[in-house]
Structures are given as structure tokens and as C-alpha cells.
Amino acid sequence: MALGESPSDAAVAAARLSRRVMDGPRGEQLAIIEHRERVAGGGDRTQEAWVLRRVLGWGERDAARALDCSRTALRLHLQARPVVDVAEENRRIAEIRARMAEVRMQTGDHRDPATAGRRRVLRTAVVVVAILTALAAATRVLG
């Protein structure tokens, strides 16, 4: 959505990608590549750079890595962006952040809370059994 697509398209893409995209520059790189394949013309590099640097607040290195470009290319993308006054830019940033938060809330993590709870209980049980087994083995060896 921050890259200029509709909220519904962003929600569908986020739901599809959420299972295979990790957080951070590499995950964003996969999401951007996927976005470029879906959008006519392959996306807007200046918008992508601006979103990563100004909207998400990423550092230059991570933003360049996510865009799969050099820091110099990232700077050139940002310089190519039309100049707007500070108040207008801040308004756009706030608007995009609000829309992104809405998409996350709507698509979010699709795991069933009951399933997540059962998995947590199962993991805890496995750890407890492993600890008890280790204690029993240690008792036999030492005793």
C-alpha cells in the first residue's frame, strides 16, 4: 500500500507473503520484488526508496539492501523525487503509516489463537520432558 497500490491489493499481497517473508531488509526485498512483478511498469524506485527511508525510517544501508541497489543509487532515487514542503511530506508520511497499520490489523497473523496456544503448550511439554529425562539420566550416572 505504501508503494501506491490499493488497500485491498495490499491486503491480499500481505496475506500471501506473510507466510514466507521475514522481517528486515531481506524480507522487504522479497516483498518489493513481488510488488514490482504485480505492478505495471515494475514499480517506482523513487517511491520505494522514500518509503523505506522516510516512512519506515530505515537506515541507508538496509534500505539499499532491500531495494537491491547501492547506497549511491538509493541517494539518486531519493534526489529524483519531486520536492514538497516539510508539512506536506509529514502529512503524507502520517497518512501512509496509518493506512499501513490498518492493513496489518486486517491481514495480520492468520494463525488461530487456539492453535497457537496448543503449540505453545506442546513446546513447553517437550522442554519439560527433555529436562526431566536429562535429570533422570544424570541421577543414574551420578548415583
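**Close-up views of a helical chain**

**Figure 1. Arg123 lies in helix α7, which covers residues 113-142.** The model shown is predicted: local features require a pLDDT of at least 70, side-chain atom pairs count only at pLDDT 80 or more, and totals for chains, interfaces and linings use all residues. Residues are numbered from 1 along each chain as its sequence is written, and side-chain values use heavy atoms, with hydrogens and water left out. Arg123 has a relative accessible area of 52% and is therefore exposed; by definition, exposed means over 50% relative accessible area, buried under 20%, and partly exposed in between (1.4 Å probe, protein chains only). Together with Arg118, Arg119 and Arg120, Arg123 forms a positive surface patch. Patches are made of residues with over 30% relative accessible area and no salt bridge, like charges being joined within 9 Å and nonpolar side chains (Val, Leu, Ile, Met, Phe, Trp, Tyr) within 5 Å. Lys and Arg count as positive and Asp and Glu as negative, whereas His and the chain ends are not counted. The place of a charge is taken as NZ of Lys, CZ of Arg, CG of Asp or CD of Glu.

**Figure 2. A nonpolar surface patch comprises Val127, Val128, Ile131, Leu132 and Leu135.** Together these residues present about 460 Å² of accessible area; such areas come from the Shrake-Rupley method with a 1.4 Å probe, and for residues only the protein chains shown count as cover. Leu132 is placed in helix α7 and, at 53% relative accessibility, counts as exposed.

**Figure 3. The protein chain contains 7 helices and 0 strands.** Helices (H or I, at least four residues) and strands (E, at least two) are DSSP runs numbered from the N terminus. In sequence order the pattern is α-α-α-α-α-α-α. Of the 143 residues in the protein chain, 27% are buried. The accessible surface of the chain amounts to about 9,700 Å², with 57% of this belonging to carbon and sulfur atoms. Among the contacts (heavy atoms within 4.5 Å) with a separation of 6 or more, 58% are made by residues 24 or more positions apart.

**Figure 4. A salt bridge joins the side chains of Glu89 and Arg54, at 2.5 Å from N to O.** Glu89 belongs to helix α6 (residues 86-107) and Arg54 to helix α3 (residues 45-55), so the pair ties together parts that are 35 residues apart in sequence. A salt bridge is a side-chain nitrogen of Lys or Arg within 4 Å of a carboxyl oxygen of Asp or Glu; by this rule the count is 6. Side chains of opposite charge can pair when their charged atoms come close. Glu89 is buried, its relative accessible area being 16%, whereas Arg54 is partly exposed at 37%.

Figure 5. In the pair of Glu88 and Arg91, the closest N and O atoms are 2.7 Å apart. Glu88 is partly exposed with a relative accessible area of 24%, as is Arg91 at 43%. Arg99 forms a salt bridge with Glu95, with 4.0 Å between the closest N and O atoms. Salt bridges that share partners join Glu88, Arg91, Arg92, Glu95 and Arg99 into one network. An α-helix has 3.6 residues a turn, so residues three or four places apart point the same way.

**Figure 6. Helix α3 is mostly covered, with 8 of its 11 residues buried.** The buried residues in α3 are Thr46, Gln47, Glu48, Ala49, Trp50, Val51, Leu52 and Val55.

**Figure 7. Asp62 is located in helix α4 (residues 60-67).** Asp62 is partly exposed, with a relative accessible area of 29%. The C-alpha atoms of Asp62 and Gln29 are separated by 9.8 Å, and the two residues are 33 apart along the chain.

**Figure 8. Asp68 occupies the loop between α4 and α5 (71-79).** Phi of Asp68 is near 60 degrees, a positive value in a residue other than glycine. Most residues other than glycine have a negative phi. Asp68 is exposed, with a relative accessible area of 58%.
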